Amino acid sequence: MFKLAHFLKPYKKEVILGPFFKLLEAIFELMIPTLMALIIDNGIKLGDKSYILKIGSIMILMAIIGMGCAFTCQYYAAKASQGFGTKIRKALFQHIGTLSYSEIDTIGTSSLINRITNDVNQLQLAVAMLIRLVIRAPFLCIGGLIMAMILDFKLSIVIIFLLPIFTFILYLIMYKSVPLYKTVQKKLDNLAQTLRENLSGVRVVRAFAKIDYEKTRFEYSNKNLTEDMIKVGNISSLLNPATALITNFAVLAVIWYGGFRINIGEMTQGQVIAFINYINLIVLALIVVANLVIIFTRASASAARVNEILEMEPSINDPSISNDYISLKDSNNVVEFRNVSFYYKNSKEPTLKDISFNIKTGDVVGIVGVTGSGKSTLLNLIPRFYDTFKGTVLVNGIDVKEYPQEELRKKIGLVPQKSVLFSGTISENIRWGLENATVTEVQLAAEISQASDFIEDFPDKYNTVLSQGGVNLSGGQRQRIAIARALVGKPEILILDDSLSALDYSTDAALRKSLKENIHNASIIIVSQRVSAVKNSDSIIVLDDGKIVGIGNHDSLMESCITYREIYLSQLDRKENTYGSPSFETTF
Ligand SMILES: Nc1ncnc2c1ncn2[C@@H]1O[C@H](COP(=O)(O)OP(=O)(O)OP(=O)(O)O)[C@@H](O)[C@H]1O
């Protein structure tokens, strides 16, 4: 937790003054039982109304000042803890932005969300408690003991006996419950993961009639978490009855021994009542201390999870020296792979094995291969979402590792397999590709991507608001907006990762024709499961199990590459059966 302390720096004043005001309140609170004793012994007993009024007024005044102190402390605690949380959330968010896919894969998106929300909340709570109670509770405990000793030293032996028994019980409860809190945190991650998958995939869940299966999965995670929570709750619930029992025994002992001492004139009734109040004060303060330990233990587990992210070094960094020369074109090969091999962190087998090929300026290159053969992985190496294990990826003849990432990615227009749009209008979504794009540029990109027709049909046209990332659009419409977003930045390399899959054959063909007619300076890489989508490309790369098994144009591959021929013939049969004739296999 100490590693996160610097986030509290801007709140030095609040962190110092908050506990100070709480301490003042505690001092007033400590004096109340003694003043009560005075009222009983000197006011009520002697029937001295003016004395009762005088001391009563002092008590009321102290209560009002105490309230003011408590309020001020509360204000400082809220300001510091909320500010602290906001700063950590911001730092986490920014740092996650610098991490590569590899680190994000390792932690998992749900866990990242949980850490930014739930874990930061735990830390906020700990800071609020630190300001409000960390000094007050021990002060009340020790102060209560001193006041009781001043009141009557002999009777305070009861408290001296009470304290170790009470501390032992607290220790037992915490010993059992604290490790469980750490497990609970992990199980919360699992629950969030299940929930996230379920909610984001709600359509698939329904389409596959998997509601019952998902229900069982959710119930399992939920039950798992609930069981641990109940265990923690059961253990913690022992605290109150155990405390009450011990306190009541202590009060009994005070009344018995105190009564005896009143009889022999060594104590007054007021003092015994004040003594009982001090016992309650000490016990309550001890319970607060126990809760503080629990809160801080949970917070330290959360702090470790937050620190894990903040200390995670991004595996992909910009080069340390500035490479001004990279704006110059260095080669005829826009993209080149030289003996590239790649592993995912958690896999034993390489996903890509010794890949070499090059793409010339203005070329249209298709990549085909069965599912899982490594097509998307290969594409992800071009914008350097991952680093190669062996070999080099070059863009314009320069190793991608020598580019500042932003510079490199500006050259590339990527349309991912799953079209991700953001809440906002259609034009805002397209402008993601080029912030300052003019209306004409946005419209042109939409026209090339065959999106303009359906956009114009919406009453608000380009100002149509996409709710929740475009759930109000069809899959094909989302894909076309994603393509327009990639096109508007006029990339040097346009990558379509199976991003025409949701289009019908005629729109697919029209889109490819439009790309060919309008995009002249860019090289285009098209990954597709459909051979028809890449058949007329300048060159086609055939991937099988992470290896290139063929490169060439359609005709040469039909002759030389068995895998390509098999894929083509299997699709030809299917298409003829389904659509009658392969008449849309035009353009590239
Ligand atoms: N983030 C990841 N972590 C670990 N393994 C991964 C990851 N992404 C993909 N893989 C694995 O790498 C292999 C290649 O996956 P990739 O997505 O590149 O295939 P693909 O050819 O694009 O498949 P598809 O046509 O189905 O999209 C698969 O075996 C997959 O399980």
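I take helices (H or I, at least four residues) and strands (E, at least two) as DSSP runs, numbered from the N terminus. By that rule I find Thr 34 in helix H1, which covers residues 12–44.

Before going on, I note that this is a predicted model, in which local features need pLDDT of at least 70 and side-chain atom pairs count only at pLDDT 80 or more, while totals for chains, interfaces and linings use all residues. Residues are numbered from 1 along each chain as its sequence is written.

Entry on Thr 34. Leaving aside neighbours within four places in sequence, I find Thr 34 in contact with Met 147 and Ala 274, contact being C-beta atoms, placed from the backbone, within 7 Å. I also checked Ile 355, which is 321 residues from Thr 34 along the chain, and their C-alpha atoms are separated by 85 Å.

Entry on the sheet. I traced an open sheet of six strands in the order S6-S9-S10-S3-S11-S12, with mixed pairing; two strands pair if DSSP finds at least two bridges between them. Strand S6 (412–415) and strand S12 (547–552) are the edge strands, each pairing on one side only. Inside the sheet, strand S3 (residues 364–369) and strand S11 (residues 539–544) pair in the parallel sense over five bridges, and I note that Ile 367 has Ile 541 in S11 as its bridge partner.

Methods: Contact = placed C-beta atoms within 7 Å.
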